[in-house]
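The entries follow the order in which I made them.

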Amino acid sequence: MKIKTFHAKSFREALAQVKKEMGEDAVILSTEEKKGLPPSVRVEAAVDYDAAEAPPLRRLVFPAAEDAPVPPAAAEPLPASGEIVDLRRALTEVRAEVGTIREYLETARAEAADATMSPGRRDVLRFLRGRGVREEHARTLCGKADSLKEIPRAMLDGVRVREGGPESGKVVMLIGPTGVGKTTTVAKLAAEATRVGKRAAVVSLDSYRIGAIEQIRIYAKLMGIPLEIAPDAGRVKACVARHSDKDVVFIDTTGRNPMGGKFLSELSPIYEAGVPVETHLLISATCDYDFLEQAWKAYSRLPVDCVGITKVDEAVRYGALYNVAALCGKPIAYLTTGQTVPGDISFPSRRKVLEMVLTENPAEPELAACAQA
């Protein structure tokens, strides 16, 4: 394995250097943007020459995939007639008008409700909206807080955290939508476990995403911990059994669109096998709330124990932390704030989460005092 650090003026320039010197198989281990005059970036990359000489990974995992019969091409749809095109256009216009009317009614209803509030509660609602707290959660909090100073107390019931890492003897499985950062978070948690003296292993189910197994394999090699590749959930029990001497085994799963729904059934063999799994749902702090609702609707079918919030460093407002905690009703286990492994992960207290939600804007120092009271 070869690891090298690149310094450049921009990430585009640094990645070009990585590609030129280490080739297409290089994996980015960490990045760092350094502000100053002039600004610069640092990119740490790795490539495993042993793996590059090995047979293609996908062929190892799915040996029969390339021999499978090619399905017949679907018949091309018949071209729509002019009448159908006109109907579709009319339907689109009707939908847009209905959406506009619904938005107007919701705005009118909200304004009528605001008019009945006391001035103090209107201040609470205005402040929470400014922090990025979702409208329905903000209105619920207005029922508990008559003034800005009462917001931290009102928020306490909606924020729970899980202090400390996973217990010994646990199998920790990370699930979540595509691109939320599961593989990197598995590496961070494994690094943290080894830092505190625990024996850890990793099982990867993510054979769907190109480069995912190679990425976690390099992390595992750097940390000196064993890695198992499970082609499907039915093989996980055997993989875990081979590491019964470990304090904790982390399972990296494939990210899928939660609106699909069917993929969740692919994980059921893990629960049915009697493996003592602790399930962590990862949610990005930058995701749209409508998407968050759909994701939670899908993933709540699984026995989720806690949530990990990723990409917190990319969030414009930390109200997203409260939105996730209030919607899911699960304790927050950790926050991740970058790509560096080990590092860029924290295990916050409830007080810390409230401070982040309420004191992000330095123009509101009185709320910082409230959160710390």
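Entry 1. I started with helix α6 and asked what its buried residues pack against. They pack against α5 (119–130), α7 (151–155), α12 and α13. The model is predicted, and I read the contacts with that in mind.

Entry 2. I then looked up which residues of α6 (residues 135–142) are buried, and found His137, Ala138, Leu141 and Cys142. These residues cover an arc of only 145° around the axis, so they sit on the same side of α6. As background, an α-helix has 3.6 residues a turn, so residues three or four places apart point the same way.

Entry 3. How are α12 (residues 289–299) and α13 (residues 319–328) packed? I noted an angle of about 30° and axes 11 Å apart. Angles under 35 degrees count as roughly parallel, and α12 and α13 are therefore roughly parallel to each other. Their crossing is right-handed.

Entry 4. I listed the residues at this contact. From α12 there are Tyr289, Leu292, Glu293 and Trp296, which meet Asn323, Val324, Leu327 and Cys328 of α13. Sorted by class, the contact has six nonpolar residues, one polar and one charged.

Entry 5. Last, I checked Asn257, which is in the loop between β7 (248–252) and α11 (268–272). Is Asn257 buried, exposed or partly exposed? Its relative accessibility is 46%, so I logged Asn257 as partly exposed. I also noted a separation of 9.7 Å between the C-alpha atoms of Asn257 and Ala298, which are 41 residues apart along the chain.

Notes:
Residues numbered from 1 in each chain as written. Predicted model: local features only at pLDDT ≥ 70, side-chain atom pairs only at ≥ 80, totals over all residues. Heavy atoms only, no water. Axes fitted to C-alpha atoms, helices over the stretch in contact; angles between N-to-C directions. Helix = DSSP H or I, 4+ residues; strand = E, 2+ residues; numbered from the N terminus. Parallel < 35°, antiparallel > 145°, perpendicular 65-115°, else oblique. Left-handed = near helix turned anticlockwise from the far one by under 90°. Contact = heavy atoms within 4.5 Å. Nonpolar A, V, L, I, M, F, W, Y, C, P; charged D, E, K, R; others polar. Buried < 20%, exposed > 50% of the residue type's maximum accessible area, 1.4 Å probe, protein only. Arc of directions from axis to C-beta.
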